[in-house]
Amino acid sequence: MTRNVLFYARSSTTPHLGACFETQLHYAKGFIKENGWSLEATCRDADIGEVVFTAQPGVRKLLEHVEGEAIDVILCHTLDRLCSRLAVAKRLLRELDAKGIELWAADPGVQIKTSDLIEYYRDDQGSMFGRGSHIAPMPDDLYEAEHLVRLSYGYRYTGAFNADRQYMFGFTAVDADAAQVVQQIFQLYAEGMSPAKIASGLKTLGVVGPHGKPWRDSMIRGDRAQRKGVLNDELYLGRFWVPSRDCFDFVPALQIVTQDLWHRVKQRQRLTARSAAE
């Protein structure tokens, strides 16, 4: 009897840290063909540093298929492309086992079992993933807003409703209105307006500042050496922290300020600092 397969992929924005969606799908199709299985569905997510597993659109779609009981196998390229943390993998495997669904990884072509999970997440350069990922002490579960780290101005958390109709926040997204303000701040400063005048203008227009506070010039100017303040926040370039990798990654979907505008602002900051020192 042919086995029905759901393939899940989480795209990597940094090729040397993980295969792109097309590459993952290519190997998955070959693996499915070798085993005589049938590809019934494909789910995918963008790798943007998600903090909540079940809030990702692709994962939600996967779980809907699991509930529908029309899938025999969940296939991923490597286990880290599906579950970035040990606690998540354990929970997912329990749910799949209860439905009689197997979890497989096309690379290296094995079935993933609960008893083997520690081998995938241990802090060991010789492990399957070879990236030394430590076991996160915090379970990757649904959390309410107050449990999440505050985001920089211009971003918001988004997610899904749980069974109790509570809105659970999942991953970072651009706040369109606030992002427009960020772009305006960078543009005005690059054109010669001071942070004090920019802040005054925003207050006059009734624009609320970071965390609901009134705009002040210090919020905009910040400290260039410590990378504080709107004009020094590299997140606006799309440089986002990826918890599962302990490193920064470039995420195009979350970039608010262009490289050109960023460099114009940095150039003016250097000139201003030089003039003040003379």
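Me: What share of the 278 residues in the chain is buried?
Reply: In this predicted model, buried residues account for 43% of the 278 residues in the chain.

Me: And how many helices and strands are there?
Reply: The secondary structure of the chain amounts to 8 helices and 9 strands.

Me: Switching to packing, at what angle do H5 and H8 pack?
Reply: Helix H5, which covers residues 176-190, packs with helix H8, residues 259-277, at an angle of about 45 degrees, and their axes are 9 Å apart. That angle makes H5 oblique to H8, and H5 passes H8 in a left-handed crossing.

Me: Which residues meet there?
Reply: From H5, the residues are Gln183, Phe186, Gln187, Tyr189 and Ala190, and they meet Leu261, Trp262, Arg264, Val265, Arg268, Gln269 and Thr272 in H8. By type, the residues of this contact of H5 with H8 divide into 6 nonpolar, 4 polar and 2 charged.

Me: New topic: is Val59 buried or exposed?
Reply: Val59, which is found in helix H2 (residues 57-68), counts as buried because its relative accessibility is 1%, where the cut-off for buried is under 20%.

Me: What is Val59 in contact with, leaving aside neighbours within four places in sequence?
Reply: With those neighbours left aside, Val59 is in contact with Tyr8, Asp45, Phe53 and Thr54.

Me: And where is Cys83 relative to Val59?
Reply: Cys83 and Val59 are 24 residues apart along the chain, and their C-alpha atoms are separated by 10.0 Å.

Notes
Residues are numbered from 1 along each chain as its sequence is written. This is a predicted model: local features need pLDDT of at least 70, side-chain atom pairs count only at pLDDT 80 or more; totals for chains, interfaces and linings use all residues. Side-chain values use heavy atoms; hydrogens and water are left out. Axes are lines fitted to C-alpha atoms, for helices over the stretch in contact, and angles run from 0 to 180 degrees between N-to-C directions. Helices (H or I, at least four residues) and strands (E, at least two) are DSSP runs, numbered from the N terminus. Angles under 35 degrees count as roughly parallel, over 145 as roughly antiparallel, 65 to 115 as roughly perpendicular and the rest as oblique. A crossing is left-handed if the near helix is turned anticlockwise from the far one by less than a right angle, and right-handed if clockwise. Contact means heavy atoms within 4.5 Å. Ala, Val, Leu, Ile, Met, Phe, Trp, Tyr, Cys and Pro count as nonpolar, Asp, Glu, Lys and Arg as charged, and the others, Gly among them, as polar. Buried means under 20% relative accessible area, exposed over 50%, partly exposed in between (1.4 Å probe, protein chains only).
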